[in-house]
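Morning, everyone. I have one model to walk you through today. Let me put it on the screen.

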Amino acid sequence: MTSEQHLAPFRMPDRLFAELAAGGGSAAAVAFLERAERARRLLLLRTLLGHLDSLPTPLTPVAEAWRVLKEAAEKAPEPVERLLLAPPTGGWISHMLRRVHGTATGPPLWAEAGHLSALALSASLHAGTETAFDVPLTDGRLPLPGLGMVQLPEAGQGLAVGRATTAGGELTVEGPGRTNGSVRVTCRPLTRREGTGTWLPLRTLAHPRPDGGAPGTVVLEDLDPYRDLDDHLPPARLDEDEALEWQRLFGEAARILARPGTPGPGRVDPAMIRAIVPFGRTGVSPPPLPFVQVSASSGDSFGGMLIVRPASAIALAETLVHELQHSKLAALLHLFPLLEDDRAERYYAPWRTDPRHLTGLLHGAYAFTGVAGFWRDRLADALSADTLSAEAVERAGYFFALRRLQSRLAVRTLLTSGRLTVQGRALVSGLARTLDGWLRQEVPPAALGRARTAAALHRTEWRLRNVVPAPAAPASAPSDLRFRPDRTSWPDTRTHGFATRPTVPRTADEHLAAGDAAAALARYADVLADAPAEPHALAGWIVARTTVEPGRAARRMLARPEELLEPSPRV
């Protein structure tokens, strides 16, 4: 490992780009992206070291930490490579570059720079070398990237300077005590896998390998201060029961994803995932929702993903696909200029409640193409199961139909925007070919009908809540839209609500999901009699009305529903 600059450019083979452009990507394609991310990370680290060389600090200088890290890489290249490529390491590098340029905040800069010493300590332990560092301690804690965290007993509170030494795989940490004097801990992080009062080991999630070999592992990261998308975070150790729930769900999700055949969109080998950050909960109570409430990833942290644990394995499997798609596209954006984006938020994204810029729309189109592929496989699994489950077929068919339709709409917007580069057009055209092939694939008619209705409802409500009515405007292209200054986020209850056909419909939405547009129309009209401009009910009324009375007027109403807000519609 070296920070020296190399001039040899990366050249992606056409076949690997074609795989990724189709929305998928073999192990070879993902490995190429990871090598490119490694090179980028080293260049960023080299830039960062130049900024930190002259930083006043009470800690060991960063130049010494870098020297120890390189020395350890020569003796133990594989574990040190894992440290370099770990998602939190990328998060730390990018966060620090934002710090030195004044676009991010956090603890004192010298303390955050000291994280390089923690990386060097982990590397030294793997290599069995001897070293000594003055390191930052927060409330007596010293995180060791890729290994865990040391907690000094009876340590002083707040930020302090401690001393850490390594020798033959043994680590000793000393720091100021809560009263007078100092406290000290000695441990062997490489062999101490169970937690103690002073040592918390890194958690991992096991998954079976397709070839039947030894189980693979993915980091379950609840300790590293740079596991978040940007901000420095304190540890949020999971309860044992919550950690066991993560293992159970992840094991089931890995089995769902273990589908033989050619790699394609929606197919993920868990070995491609480097870290999962559990977010928002550390215990099993209260019970989680069946679907994922929040998930996110960052281009700085390839292979990492932040997820609120759901109650179902299929929801977790879908999210793993979704977030890995984001990682792949972010790596491609680091290699190629895919589009010219003025960052104006004016485009409709069928999975968002707010207008998006083109880069966000591209990310969504790429991610949801993968999600559509995931549900396509689930539909095939449900149809070929020994015991046919009508509910499983309907649900998989619905999500496959919905996500392929939504993704194709976003792809069309990207292709007609006029802002794609040569590589960007090749990528988006590849997605279009994949989606066009899927649009010809049969889906159970009832599921297809609910998917089309749900897609129409989302777009209609989006325009009602976001777009300023402009009846005299001749067109409604994104560049012509004017947006409401009072727009806010709104709950999208219909995407999941339309996944299954209601057996005993009661509400207007349920009647519409059941295929009874006339009954839905009457119930929406009842709501609108009291609140004529209520967007959720108005969107439902418009879609139900155009179903009952199709034609040119209906198509116009669907195209520009915001026109009905002035004056109020007659219901």
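Start with the open sheet: it has 5 strands, in the order β8-β9-β10-β12-β11, and the pairing is mixed. Which strands stand at the edges? They are β8, residues 203-207, and β11, residues 295-296. Each has a single partner strand, so one side of each has no neighbour in the sheet. Before I go on: this is a predicted model.

Helix α9, residues 313-335, packs on it and touches β10 (275-278), β11 and β12 (304-307). What angle does α9 make with β12? The two directions are about 135 degrees apart.

Next, domains. The chain is divided into domain 1, residues 36-199, and domain 2, residues 202-335. Their centres, taken over C-alpha atoms, are separated by 25 Å. How many residues are in contact across the two? On the domain 1 side there are 25, and on the domain 2 side 23.

Some backbone geometry for those of you who check torsions. The peptide bond from Ser-285 to Pro-286 is cis, with omega near -5 degrees. Where does Pro-286 lie? In the loop between β10 and β11.

Then two positive phi values. Glu-154 is not a glycine, yet its phi is positive, near 55 degrees. Glu-154 belongs to the loop between β3 (148-151) and β4 (159-167). Is Glu-154 buried or exposed? Its relative accessibility is 51%, and the cut-off for exposed is over 50%, so Glu-154 counts as exposed.

Arg-343 also has a positive phi, about 65 degrees, and is not a glycine either. You will find Arg-343 in the loop between α9 and α10, residues 358-384. Its relative accessible area is 48%, so Arg-343 is called partly exposed.

Now down the chain to α17, residues 535-548. This helix has 14 residues and spans 20 Å from its first C-alpha to its last, close to the 20 Å expected at 1.5 Å a residue. How is the N-terminal end of α17 capped? By Glu-534: one of its side-chain oxygens lies 3.2 Å from the backbone nitrogen of His-536.

α17 is mostly covered, with 10 of its 14 residues buried. Among them are Leu-538, Trp-541, Ile-542 and Val-543. Pro-535, Gly-540 and Thr-546 are on the buried list too. What do these buried residues pack against? The partners are α13 (445-466), α14 (494-497), α15 (508-513), α16 (517-530) and α18 (552-559).

One of those partners deserves a look of its own: α16. This helix has 14 residues and reaches 21 Å between its first and last C-alpha, close to the 20 Å expected at 1.5 Å a residue. Its buried residues include Leu-521, Tyr-524 and Leu-528. Several alanines are buried as well, including Ala-517, Ala-519 and Ala-520. Which helices cover the buried residues of α16? The cover includes α14, α15 and α17.

That's the tour. Over to you for questions.

Methods:
Residues numbered from 1 in each chain as written. Predicted model: local features only at pLDDT ≥ 70, side-chain atom pairs only at ≥ 80, totals over all residues. Heavy atoms only, no water. Helix = DSSP H or I, 4+ residues; strand = E, 2+ residues; numbered from the N terminus. Expected span 1.5 Å × (residues − 1). Buried < 20%, exposed > 50% of the residue type's maximum accessible area, 1.4 Å probe, protein only. Contact = heavy atoms within 4.5 Å. Polar contact = N/O pair within 3.5 Å; in protein donor to acceptor, adjacent residues only side chain to side chain. Pairing = 2+ DSSP bridges. Axes fitted to C-alpha atoms, helices over the stretch in contact; angles between N-to-C directions. Domains from an automatic or database assignment.
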